[in-house]
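I opened my notebook to keep track of what I looked up today.

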Amino acid sequence: MRPWNTSTEDDLRHLLNEWDPVGVADDVQDEYDCMLAPLLQRLGSGASRTEIGEFLRHELEDHFGLDPLGLRPEAMASRVMGWWTSTDPIDGVAST
């Protein structure tokens with residue numbers, strides 16, 4: 001399992017806030033913090049893009065009570081996977 005740190009959590013929080021499926025990130029920066037640890041655990045365990053997408057879809061429907069149809073959880077999963085594979089496992093910053 002790949003380690004993560006506060007910088008990694010901050011970067012993932014930033015991605016989730018940019019996605020902002022609830023539409024409140026401008027006012028509530030920690031709205032999606034409930035997804036940080038579960039996502040990082042899945043990513044660190046080698047989850048696939050499909051698994052990440054299913055997790056996001058589940059959170060949208062069951063946790064936030066949203067219809068995921070227009071929120072594109074699969075596209076967000078691709079973005080999260082791209083970010084994860086481009087970060088340094090120790091520093092949590094994009095690798096060069």
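Which side chains meet in a salt bridge at 2.7 Å, N to O, with Asp10 as one partner? I found Asp10 and Arg13 there, joined side chain to side chain at 2.7 Å, N to O. For a salt bridge I required a side-chain nitrogen of Lys or Arg within 4 Å of a carboxyl oxygen of Asp or Glu.

Before going further, I noted that this is a predicted model, in which local features need pLDDT of at least 70, side-chain atom pairs count only at pLDDT 80 or more, and totals for chains, interfaces and linings use all residues. Residues are numbered from 1 along each chain as its sequence is written, and side-chain values use heavy atoms, with hydrogens and water left out.

**Entry: the overall layout**

I looked up the secondary structure and found four helices and zero strands. Helices are DSSP runs of H or I with at least four residues, strands are runs of E with at least two, and both are numbered from the N terminus. Reading along the sequence, I wrote down the pattern α-α-α-α.

I then checked contacts, meaning heavy atoms within 4.5 Å. Among contacts with a separation of 6 or more, 61% join residues 24 or more positions apart.

The accessible surface comes to about 5300 Å², and carbon and sulfur atoms hold 48% of it. Those areas come from the Shrake-Rupley method with a 1.4 Å probe, and for residues only the protein chains shown count as cover. Of the 96 residues, 35% count as buried. My classes were buried for under 20% relative accessible area, exposed for over 50%, and partly exposed in between (1.4 Å probe, protein chains only).

**Entry: the salt bridges**

I counted four salt bridges in the structure. As a reminder to myself, side chains of opposite charge can pair when their charged atoms come close.

Back to the opening pair: Asp10 and Arg13 both sit in helix 1, three residues apart, about one turn of the helix. Asp10 is partly exposed at 39% relative accessible area, and Arg13 is partly exposed too, at 21%. I also saw that Asp10, Arg13 and Asp33 are linked in a network of salt bridges.

Next I looked at Arg79 and Glu18, whose side chains meet in a salt bridge at 2.0 Å, N to O. This pair links distant parts of the chain, with Arg79 in helix 4 and Glu18 in helix 1, 61 residues apart. Arg79 is partly exposed at 37% relative accessible area, and Glu18 is partly exposed at 42%.

Then came Glu74 and Arg57, with a salt bridge at 2.7 Å, N to O. Glu74 is in helix 4 and Arg57 in helix 3, so this pair ties together parts that are 17 residues apart in sequence. I have Glu74 down as partly exposed at 34% and Arg57 as partly exposed at 30%.

**Entry: the nonpolar core**

Which residues have the most contacts inside the largest nonpolar core? I got Leu12, Leu16, Ile52 and Leu56, in a core of 23 residues. Such a core is a set of buried Ala, Val, Leu, Ile, Met, Phe, Trp, Tyr and Cys residues joined through side-chain atoms within 4.5 Å. Helix 1, helix 2, helix 3 and helix 4 each give two or more residues to this core. Helix 4 supplies the largest share, six residues.

Leaving out residues up to four places away in sequence, Ile52 touches Leu39, Arg42, Leu43, Ala47, Ala77, Val80 and Met81.

**Entry: aromatic pairs**

Searching the whole structure gave me two aromatic pairs. In one of them, the rings of Trp83 and Trp84 have centres 5.8 Å apart and planes at 55°, so I logged the pair as tilted. The rule takes rings of Phe, Tyr and Trp (its six-membered ring) with centres within 6.5 Å, and calls planes under 30 degrees apart stacked, over 60 edge-to-face and the rest tilted. Trp83 is buried at 12% relative accessibility, and Trp84 is buried at 6%.

**Entry: positive phi**

Is Asp20 buried or exposed? Asp20 is buried, with a relative accessible area of 18%. Asp20 is in the loop between helix 1 (6-19) and helix 2 (36-44).

Arg72 also has a positive phi, about 50°, and is not a glycine. I placed Arg72 in the loop between helix 3 (49-63) and helix 4 (73-86). At 55% relative accessibility, Arg72 counts as exposed.
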